[in-house]
Amino acid sequence: MKIGALEAGGTKMVLGIFEEDGTELERLTLPTLTPDVTMPKMIDFFTSHSVDALGVGSFGPLDLNPSSPTYGYITSTPKLAWQNYPLLTSLTGGRDIPCAIDTDVNAAIIAEAQQGAAMGCHSAVYITVGTGVGGGVYVNGETVHGLLHPEVGHMLLRPHPNDPNPRGVCPYHDGCLEGLAAGPGLGKRVGCDARDLPDDHPTFDIEAYYLAQMCVNLILTVSPERIILGGGVMQRGILLGKVRSETLRLLNGYVQTPAILEHIDEYIVAPTLFPVSGLIGSYLIGKRALAQK
Ligand code: ADP
Ligand code: ZN
């Protein structure tokens, strides 16, 4: 049996063919253009390998309700060509094979929980801080969908007193996490690409303040056993330590557990499967769809 996996991102599509045991046989990366251009290549890849099941982790928002007529559609994305697009059903190319879809970050947390930085945890959160901020939430061994699916990236935050751009850059919200802390918001604050800044630039203290507020909010709502921080911005190595200490400062001793108070370095961590957490998670989603058929 072969399992096809797709990590669908706003800038690139990563496709993989896996054996059931997780051995990766092939990988293809394509730029995310319009569906007219990109979909035929993806359908071709999966049909030419005669996959027996398909798992997808995609950018969203998505319809994740399996009983909805628009299950597996990308819904209200700002990428207009993909708005209301039936991603999952189109990918099978008309073949009746088991398939399932989740958000890209939910795919990542599935992979990290089963094989990576959250192994052994029953609850964990995966956050990517890159061009946007996304969060996958995993509770009692399942990703959380709820009414739609969590949109951790748009939680509202308290501005830092020294932030020159405290409203951020999100077109929907003043002062949301993504608008303030994703790469574009960071760049707007300093007037250049965040990659070009030195480690000791004060903007990383502001960045850590925002990411720590997110961690506090997640700790107080989801109570995860681990928080995993990945994505391009987190490649700035000094950030993780700053986020850990700022999280402890903001919690101010309220949550009395040694896992946080004494072991914060093992509580807020980097992903171990980065940058393929999403692809491996997509394979695991496909494998599960096959098992449930
Ligand atoms: P995407 O979210 O599109 O998948 P990435 O996760 O690679 O992309 O994130 C890209 C963002 O990360 C850019 O805004 C870039 O400025 C920022 N970034 C990448 N590396 C660093 C770094 N070392 N320090 C700060 N920001 C970084
Ligand atoms: Zn927002």
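Trainee: Which residues of helix α5 are buried?

Mentor: This is a predicted model, with local features needing pLDDT of at least 70, side-chain atom pairs pLDDT 80 or more, and totals for chains, interfaces and linings using all residues. Numbering runs from 1 along each chain as its sequence is written, chains are lettered from A and ligands numbered from 1 in the order written, and side-chain values use heavy atoms, without hydrogens and water. Helices are DSSP runs of H or I, at least four residues, and strands are runs of E, at least two, numbered from the N terminus; buried means under 20% relative accessible area, exposed over 50%, partly exposed in between, with a 1.4 Å probe and protein chains only. In α5, residues 183–190, the buried ones are Gly185, Leu186, Gly187 and Arg189.

Trainee: Which residue just after α5 takes a positive phi?

Mentor: The cover over the buried residues of α5 includes α4 (177–181) and α6 (203–221). Just after α5, a positive phi of about 80° belongs to Gly191.

Trainee: Which residue forms a salt bridge with Arg236?

Mentor: A salt bridge needs a side-chain nitrogen of Lys or Arg within 4 Å of a carboxyl oxygen of Asp or Glu. Arg236 is buried at 13%, and the closest N and O atoms of its pair are 2.9 Å apart. The partner sits 37 residues away, in the loop between α5 and α6. That partner is Asp199.

Trainee: How many residues apart are Glu246 and Arg249 in helix α7?

Mentor: Their side chains meet in a salt bridge, 2.6 Å from N to O. Along α7 the spacing is about one turn of the helix, three residues.

Definitions and conventions. Contact means heavy atoms within 4.5 Å.
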